[in-house]
Amino acid sequence: MKRNHPRFFYSTFHGNWEFEGNNIKTLGMKYITNNMLTDDRLQTVELKEIAWRGKHHFPYHVGRNCSCCDGQSYIHCDPSIPGIIAYNCPNPYDNKYRMLDGRHRIMRLLFEGKSESKFYVFDFNEIKRFMRDDKECPNKSNSTNGTYDGSGVQSITNYTSNRIIIKRNK
Ligand SMILES: [Zn+2]
């Protein structure tokens, strides 16, 4: 199964998702997914209380027009599988929860007109020890176009806008 690791960074398109002022961080999900998804964490949560990257664009640039996957992850996801969210996690919407895994599933739920769903809920303080520099992220090579050198915000902004332009020109 392809595993997406939530990323914490700023871009003009998505807003400020930085964590504690770090330019790019990634939360490693492997241990959490393999060991911490226990039934006692499952809660029914209102979708509007969850921040997810691209939320303010809905219904544009999401779903079948998703800018990260050209709609492929959206089409093939299973919205009946609970997503993973955390509270005590900063987000540009100042929502109670931040989506960690399940961004395409929540798009599906929203397009279906749902207002709530089940999620695995974490206190982010409990799992922030899994934060790491993005250069350790195995997905880096196909997500940065090789232009991010880790040196500062300017390069992050550039690579993000480049990536969006590339997607739009397809
Ligand atoms: Zn996508």
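## A walk through the predicted fold

The protein has 5 helices and 10 strands; here helices (H or I, at least four residues) and strands (E, at least two) are DSSP runs, numbered from the N terminus. This is a predicted model, in which local features need pLDDT of at least 70 and side-chain atom pairs count only at pLDDT 80 or more, while totals for chains, interfaces and linings use all residues. Residues are numbered from 1 along each chain as its sequence is written.

Let us start with the overall picture. Of the 170 residues in the protein, 28% are buried. A residue is called buried if 20 or more other C-beta atoms lie within 10 Å of its own, exposed if 12 or fewer, and partly exposed in between, with C-beta atoms placed from the backbone. Contacts are counted when the C-beta atoms of two residues, placed from the backbone, lie within 7 Å. Among contacts in the protein with a separation of 6 or more, 67% are between residues 24 or more positions apart.

### The five-stranded sheet

An open sheet of 5 strands runs in the order S5-S9-S7-S8-S6, and its pairing is mixed. Two strands are said to pair if DSSP finds at least two bridges between them. At the edges stand strand S5 (42-46) and S6, each of which pairs on one side only.

S7 pairs with S9 in the parallel sense and with S8 in the antiparallel sense. On the S9 side, Tyr87 stands opposite Asp123; on the S8 side, Ile85 stands opposite Met99. S8 and S6 run parallel, and Ala51 has Arg98 in S8 as its bridge partner.

| Strand pair | Sense | Bridges |
|---|---|---|
| S7 and S9 | parallel | 5 bridges |
| S7 and S8 | antiparallel | 4 bridges |
| S6 and S8 | parallel | 2 bridges |
| S4 and S10 | antiparallel | 3 bridges |

### The nonpolar cores

A nonpolar core is a set of buried Ala, Val, Leu, Ile, Met, Phe, Trp, Tyr and Cys residues joined through C-beta atoms within 7 Å. The largest nonpolar core has 20 residues, and those with the most contacts inside it are Ile50, Ile85, Ala86, Met99, Leu100 and Ile106. At least two residues of this core come from each of strand S6 (50-51), strand S7 (83-87), strand S8 (97-101), helix H3 (103-111) and strand S9 (116-123). Apart from this core lies another, of 5 residues, among them Phe8, Phe9, Phe19 and Ile24. In soluble globular proteins, nonpolar side chains tend to be buried together.

Ile50 is worth a click in your viewer. Not counting residues up to four places away in sequence, Ile50 touches Val45, Ile85, Asn95, Tyr97, Met99 and Ile106.

Helix H3 also holds Arg108, which is partly exposed because 19 other C-beta atoms lie within 10 Å. Leaving aside neighbours within four places in sequence, Arg108 is in contact with Tyr74, Cys77 and Pro79. The C-alpha atoms of Arg108 and Cys77 are separated by 8.4 Å, although these residues are 31 residues apart along the chain.

### The three-stranded sheet

A further open sheet has 3 strands in the order S1-S4-S10, with antiparallel pairing. Strand S1 (7-8) and strand S10 (131-133) each have a single partner strand, so one side of each is left without a neighbour in the sheet. Strand S4 (residues 25-27) is joined to S10 by 3 bridges, and Leu27 stands opposite Met131 in S10.

Arg129 is found in the loop between helix H4 (124-127) and S10. With 10 C-beta neighbours inside 10 Å, Arg129 counts as exposed. Arg129 and Leu27 are 102 residues apart in sequence but 8.5 Å apart in space, C-alpha to C-alpha.

### Backbone details in the loops

The peptide bond from Phe58 to Pro59 is cis, with omega near 5 degrees. Pro59 sits in the loop between S6 and helix H2 (72-76).

In the loop between S7 and S8 you will find Asn88 and Asp94. Asn88 is not a glycine, yet has a positive phi of about 60 degrees; Asp94, also not a glycine, has a positive phi of about 55 degrees. Asn88 is partly exposed, with 13 other C-beta atoms within 10 Å, whereas Asp94 counts as exposed, with 7 C-beta neighbours inside 10 Å.
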